There are 4 protein chains.
Amino acid sequence: MDGGCFSRFQDESKLLKARKMPVRCSVVSAQKLDKSIKVGILGASGYTGVELIRFLANHPYFDISLMTADRKAGQSIGSVFPHLIAQDLPDLIAVKDADFSSVEAEIIKGLPNSVKIVDLSADFRLRDINDYGEWYGQPHKATELQKEAVYGLTEIYRNKIQSARLVANPGCYPTTVCLPLIPLLKANLIALQNIVIVSNSGVSGAGRSAKEANLYTEISEGIFSYGITRHRHVPEIEQELSEAANSRVTISFTPTLMPMSRGMQSTINVQMAPGASVEDLKQHLTGFYEKEEFVTVLPNDSAPHTKYVQGSNRCHINVFPDRIPGRAIIISVIDNLVKGASGQALQNLNLMMGLPENTGLSCMPLFP
Amino acid sequence: MDGGCFSRFQDESKLLKARKMPVRCSVVSAQKLDKSIKVGILGASGYTGVELIRFLANHPYFDISLMTADRKAGQSIGSVFPHLIAQDLPDLIAVKDADFSSVEAEIIKGLPNSVKIVDLSADFRLRDINDYGEWYGQPHKATELQKEAVYGLTEIYRNKIQSARLVANPGCYPTTVCLPLIPLLKANLIALQNIVIVSNSGVSGAGRSAKEANLYTEISEGIFSYGITRHRHVPEIEQELSEAANSRVTISFTPTLMPMSRGMQSTINVQMAPGASVEDLKQHLTGFYEKEEFVTVLPNDSAPHTKYVQGSNRCHINVFPDRIPGRAIIISVIDNLVKGASGQALQNLNLMMGLPENTGLSCMPLFP
Amino acid sequence: MDGGCFSRFQDESKLLKARKMPVRCSVVSAQKLDKSIKVGILGASGYTGVELIRFLANHPYFDISLMTADRKAGQSIGSVFPHLIAQDLPDLIAVKDADFSSVEAEIIKGLPNSVKIVDLSADFRLRDINDYGEWYGQPHKATELQKEAVYGLTEIYRNKIQSARLVANPGCYPTTVCLPLIPLLKANLIALQNIVIVSNSGVSGAGRSAKEANLYTEISEGIFSYGITRHRHVPEIEQELSEAANSRVTISFTPTLMPMSRGMQSTINVQMAPGASVEDLKQHLTGFYEKEEFVTVLPNDSAPHTKYVQGSNRCHINVFPDRIPGRAIIISVIDNLVKGASGQALQNLNLMMGLPENTGLSCMPLFP
Amino acid sequence: MDGGCFSRFQDESKLLKARKMPVRCSVVSAQKLDKSIKVGILGASGYTGVELIRFLANHPYFDISLMTADRKAGQSIGSVFPHLIAQDLPDLIAVKDADFSSVEAEIIKGLPNSVKIVDLSADFRLRDINDYGEWYGQPHKATELQKEAVYGLTEIYRNKIQSARLVANPGCYPTTVCLPLIPLLKANLIALQNIVIVSNSGVSGAGRSAKEANLYTEISEGIFSYGITRHRHVPEIEQELSEAANSRVTISFTPTLMPMSRGMQSTINVQMAPGASVEDLKQHLTGFYEKEEFVTVLPNDSAPHTKYVQGSNRCHINVFPDRIPGRAIIISVIDNLVKGASGQALQNLNLMMGLPENTGLSCMPLFP
């Protein structure tokens, strides 16, 4: 790796690593060269990879110069994704080490300090490496590097991201949960107890690997929950909420798979702090995100709809009164592949490169 | 009505009234005659109506002899539902009073005492007629008749249903919630506070009326919540849970519309009673439904899947530990048009007619 | 095989072999024993296998006593198909020879003469074993047995099927094409030239094996043609049309994959014989299928709709005038898993066992 | 109209009128003002309207300054399409004359000569006004204006479009059929007889009006043909093919509705000219479209896939050998709302305004 395909990515380069939920991953490395910044994607054959390509293809500063894919090395991208057939893109190449998933963190560890990285995998999201070992079943491979990783929830950690070398891009579920809850916890507007989250996700989150459970015939016209209480996004959510609350937060979290490709909704039921009202929560969130381009608190009692953010980097949020006195219902929606993965990664990469944060991300939702 | 199309439904007849959620409704009236029981369906052109026809068409004792449809009177059923073209069924006829929705209860009131009724509308579900007025925005039209109505959750009220004249068939959401919670509340295994329910429903629950919001282009590949805290099934759920708990229960309830035609899942987060464990909850439910053909508590940690009950009268339930200490997650799934409407209606009608409860209901789920 | 799991299937037994399109297969063997007929399914873990189970579970005469599945041996059927969890069915067992797909025909060859077979695979559909070799890339393994195989298009070959030992169950595409065209060719109502067929199929026809191309994310909201001019159902269709025409028929055939699980429509464009009119074609088909329970020629200009046959053994057909003078458009629809596979197999098995042809097949379409 | 909302659109303005298939319509009027060109959309509340907004929102030269919607006048666009809530767009206003659909052509007739128009409705597509009367059941309202209308199939009529005042934007089906067939007919590579077209369309083509037939529950998991031989796009296709062939062409055309929102595939079966081969057809098309950004003839035997053009202005085409000697199968796919409607309209408007044709149209397909 060090002497191979990345040798031409030097001092000023940045690296964006993307990984679809289960195993595969992608890395984008960027190097400022004249007016264009060369970018490489590690793991380009998955859904987050191709979503990165969608945004980067029209990006005014980034130019994709390298793409790897474990099982599809040697193929043209147009043969893997026919809609990219007319695009001027490099062929897919192999990364040397075959057991890629387990050494990824090591790869990054070996890159020169000058390389900056956005990692879409979960490798650097958990600040406590014991948590990592517990939830991922193996010791962390780059504990030193972990210390400098910044959690890439852009609207929350914008300042740190701008100067970060390594950004751990958040998972999709954590993005939907943390965007509304972190400001409320910081403002002491909700209690830390009994935060009950039920999340619905489109199936693209499960990636492009061939699995019986994800066949059209198994997914269409039906729903089911999975990973109940054991989903790997849980420690990430609890870490961020605990940080915001400055106290340990334990959540209830039930993810459910939807018969749709893209889209994610979290329905979050919370106890309000004594004296706080639904209107207080809503006003605080509205103010907090007032100047954000990608996060909108909806007016009145409009219910967020995943279809209205499809294909875009947006997050829609609203707050509703609950029938149970003192409790509130918060609903947030995103496109799991965009704000939940590749869109937020580019948002972070833009920041790290000193570009306007929304560069290349202004595409509107695709509706219907 | 009394002298019109129902004049031939006499002494031993029974009546089944079906209504899709929003406005239309159906009535099935059954009369034992020789070996076959004549049945009429009031409101046959909607989805619950046609689902009743599906089950009744092959029923060994029931014979459909009358079908009404408000806006499609005069048409053959084959022109409304082409798959019924080869079926020997009567044409759709009109019910005299045009403003049918508002006088339905009055119609039933006017029927002879000998007529027994299964009502799929919400007219007789709420025992407190003030609740009815509050949630439905109009005074109840048949308060006397309300007093003898039995809530048709078959597995819970079987004895009362057998001798009832009027059965109020439960809504689909209440069926998914009450089947698991009523036994647990009766056994004092869960607390009455902070019952948080998030329910996902297939769009057939919204009926067959033409609405922009239910177009394929609006529903496919997207999800959104609706009627948050104000859904009309809430008072019905709270009534039954309060009855089981012998104390007032207030719930949190968020329904979400799914891009699928059939299927419903409720994810129910509860606080366990002091000392009670997830295993206690599961064992109690398993024992309670051990001999029931249509309700199954799944083994181990199998997650219920709506697709595995599609087209059948079954309900699958399981109980899971929550990360929040002392709380549990209960998931139940049904086909909203079958156990959530027409299947349960037939189950009740069978009971009222002294037939085996599962007659005509043994069809397996359609998978995939 | 001979001494193993099938040893108990003797003299009067019958065998039903099912195979999903790509590789897996299933065999049903039936033995009359007292009042019930014992049945085994070879290849029960696929979609045609589970569809057979759906029909057989409620069949009054057949009892499933044996089920095999290559990769899921040792598992309970409830763990493979959770909706069968409450069903009293045997566990899945292995068939000895691992290279099952290539020796299947040999297995059948080794069964005693008294065993009767419905084979859902393509092994015995082509009467010319050279055609088999050409289209399937390997020599036929049971050429003697081929000679006595009867093509199981029930409405066309009913008499032969009743006395057959081995029935080759037709493919789904051939069923949609041959049901309308065979009667028209026999009556010399259409020309043999320029028969142009475009067929749309639900994705369950591709089976349950895990393939990237059949993931929900790849199939939903999109369509594409495949196997253009090279689909393996082509020789089967041409064989049957040529037989009916008593002359070699070459067709144009383009199959397209649909974003739906079940359903198949063939749009067939034909040149009418000199002097023949659309009305002639329609009248002839209507008369031909007048007494058939499962094939209906629709009245007027009703367009067949796959959703109106979903889950049932029915075929809907209609004939339309073409703008090109002298040509006609014929449309036929089925559920590919039922009349296109398991339903027709049971229809044939009923016939072979001397039972009423529709036994266990009277379930209505599932709509919506 | 003349004195009302359009009074401020003067000399250099251009007008884009969009109409979804059934009834509603939209008009975009553009006026060069300083550096930005003001644009109005007539009929903005439908699917082609909102698709225009998607492209125009990020267009560097066009600025939407006026939007009308017949039934939603007075509403903000954000209340009609919540994903536009953060967009700086004018509210929807009414067009004075209520009977809008019938006088549209008259409205355009009354606009000053300096106003240029792209009309997405069918009003000006048929050059023979008798054809219009026959297929649309009413006399043409602006026969003079018809004479100067240019048919807006961009790649074919580019030169005429650049200097046109009024462009009649093609229908979606005609676009898929004419793009491959016009070059082949002009080059005498295919026969005029027996052109058999079977087209599959996503349901967004039917617009956003509430119809029972287009409910999710009616469309999902099923397919059916409609308007067989009588579809209103037929005369448009035959007009263009006849023009290219310089001789009357009559086609067979069967449209089928798909369970998907966007996407269209035409499968076109043709007889090749004597001596012509499939390779000849393919080479000619490849050469013809070599320099086009939006039309691609796929390499080898790649089958076009609608999902790979979803959301983009692209058309993918390929040619295949038929089993019937001398015949070929041509398959073309587009996104019906983009290259089949609003994308092509913008392509035309760009041309009329002297802008690069692809301005604002470079967005990549959304996959998955």
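How many residues has helix α7 of chain B, and what does it reach from its first C-alpha to its last?

**Entry 1: ground rules.** I am working with a predicted model, where local features need pLDDT of at least 70, side-chain atom pairs count only at pLDDT 80 or more, and totals for chains, interfaces and linings use all residues. Residues are numbered from 1 along each chain as its sequence is written, chains are lettered from A and ligands numbered from 1 in the order in which they are written, and side-chain values use heavy atoms, with hydrogens and water left out.

**Entry 2: helix α7 of chain B.** I looked up residues 172-186 and found 15 residues reaching 21 Å, close to the 21 Å expected at 1.5 Å a residue. The expected span is 1.5 Å times one less than the number of residues. Helices are DSSP runs (H or I, at least four residues) and strands likewise (E, at least two), numbered from the N terminus. I noted a kink of about 40° at C178(B), shortly before P180(B). The bend is the angle between axes fitted to the seven residues ending there and the seven starting there. Of the 15 residues in α7(B), 14 are buried (under 20% relative accessible area; exposed is over 50%, partly exposed in between, with a 1.4 Å probe and protein chains only). Just after α7(B), N188(B) has a positive phi of about 55°.

**Entry 3: cysteines.** I found zero disulfides over all chains (cysteine sulfur atoms within 2.5 Å). C178(B) is in none, and the nearest cysteine sulfur, in C315(B), is 11 Å away. C178(B) is buried at 0%. I also checked C363(C): its sulfur is 7.9 Å from the closest cysteine sulfur, in C363(B), too far for a bond. C363(C) is partly exposed at 23%.

**Entry 4: rings.** I found 30 aromatic pairs over all chains. Rings of Phe, Tyr and Trp (its six-membered ring) pair if their centres lie within 6.5 Å; planes under 30 degrees apart are stacked, over 60 edge-to-face, the rest tilted. Y47(B) and F367(C) have centres 6.4 Å apart and planes at 65°, so they are edge-to-face. This pair crosses between chains, from helix α1 of chain B to the segment after α11 of chain C. Y47(B) is buried at 0%, and F367(C) is buried at 1%. Y173(B) and F253(B) are edge-to-face too, with centres 5.2 Å apart and planes at 80°. That pair links helix α7 to strand β11 of chain B, 80 residues apart.
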